[in-house]
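Subject: Handover of a structure and the findings from it

Dear colleague,

Please find below the structure that I am passing on to you. The findings follow directly after it.

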Amino acid sequence: MTGAVGHPIEENIWDLFVEIDWLGMMRLKPVHYKGKPKPGLVDGRQVIPYKNNSGALSIDLAGRLRTLASDAEPVAGHAGISSSFQVPLKNLAIVGEARYAADDLRAVSEIVPEAKEAKLDSDTVERVGLDLQAEIGNATEGPALTGQLNAGPGSYRIYARRENGFQRTRHSLVIDSDAQIEWHVDS
């Protein structure tokens, strides 16, 4: 992925602008997009477009404010057995190399009292959270989040590492007594 004059774009957050030059008058305008931006995997590199606070388009190439695992919209439903799981992603474009070591995702048992109330600090998530060993890429039926989780029956809240530490996501999973995983997405 390259920027101006073909130089590589460094992993950071970028606001997108278009340069308009007409009769010697030059203007720089923010790029706006009316639809829902679709995150992508471009040659194994995450590209997460989003509407910033001013309504213009920005991209997060570093996963500092957004996570590919969340923005790609994992589909709720059966995800496999606890030793390995696969969750379809309904909002992801993949170009070129199709594997990406997903954002640092942790599953925290909802037995931990603070997990239900989203009051866990980043150090606690680091200490008690189970690493999902997640990857994002093409699976048999399209883009998917795959990983492994060796855990007992129960409910688990998913946390993702962001720029300022781990943050609770809208996702959770439930492992039943037969070790079957069900992926859930909060409304």
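How much accessible surface does the chain have, and what share of it belongs to carbon and sulfur atoms? The accessible surface comes to about 10600 Å², and 51% of it belongs to carbon and sulfur atoms. Accessible areas come from the Shrake-Rupley method with a 1.4 Å probe, and for residues only the protein chains shown count as cover.

Please note that this is a predicted model, in which local features need pLDDT of at least 70 and side-chain atom pairs count only at pLDDT 80 or more, while totals for chains, interfaces and linings use all residues. Residues are numbered from 1 along each chain as its sequence is written, and side-chain values use heavy atoms, with hydrogens and water left out.

Overall picture

The chain contains 3 helices and 17 strands; these are DSSP runs numbered from the N terminus, with helices being H or I of at least four residues and strands E of at least two. Along its principal axes, the C-alpha trace spans about 70 × 35 × 30 Å. Of the 187 residues, 42% are buried (buried means under 20% relative accessible area, exposed over 50%, and partly exposed in between, with a 1.4 Å probe and protein chains only). Among contacts (heavy atoms within 4.5 Å) with a separation of 6 or more, 57% join residues 24 or more positions apart.

The surface patch

Val18, Ile20, Trp22, Leu23 and Met25 form a nonpolar patch on the surface, with about 570 Å² of accessible area together. Such a patch is made of residues with over 30% relative accessible area and no salt bridge, the nonpolar side chains (Val, Leu, Ile, Met, Phe, Trp, Tyr) being joined within 5 Å. Strand β2 (residues 17–22) gives the largest share, 3 residues. Methionine 25 lies in strand β3 (residues 25–30) and is exposed, with a relative accessible area of 55%.

Two residues with positive phi

Most residues other than glycine have a negative phi. Aspartate 43, which is not a glycine, has a positive phi of about 50 degrees. Aspartate 43 is in the loop between β4 (40–42) and β5 (45–51) and is exposed at 51% relative accessibility. Glutamine 133 also is not a glycine and has a positive phi of about 45 degrees; its place is the loop between β12 (130–131) and β13 (135–139). Glutamine 133 is among the residues in contact with glycine 147, which lies in strand β14 (residues 142–147) and is buried at 9% relative accessibility.

Salt bridges

A search of the whole structure finds 9 salt bridges, each being a side-chain nitrogen of Lys or Arg within 4 Å of a carboxyl oxygen of Asp or Glu. One of them joins aspartate 104 and arginine 161, with the closest N and O atoms 2.9 Å apart. Aspartate 104 lies in the loop between β10 (99–101) and β11 (105–109) and arginine 161 in strand β15 (residues 154–162), so the pair ties together parts that are 57 residues apart in sequence. Glutamate 126 forms a salt bridge with arginine 106, the closest N and O atoms being 3.3 Å apart. That pair links helix α3 (residues 122–128), which holds glutamate 126, with strand β11, which holds arginine 106. Glutamate 126 is partly exposed at 36%, whereas arginine 106 is buried at 10% relative accessibility. Asp104, Arg106, Glu126 and Arg161 are linked in a network of salt bridges.

Yours sincerely

Key:
Patches are made of residues with over 30% relative accessible area and no salt bridge: like charges are joined within 9 Å, nonpolar side chains (Val, Leu, Ile, Met, Phe, Trp, Tyr) within 5 Å. Lists of a residue's contacts leave out its neighbours within four places in sequence.
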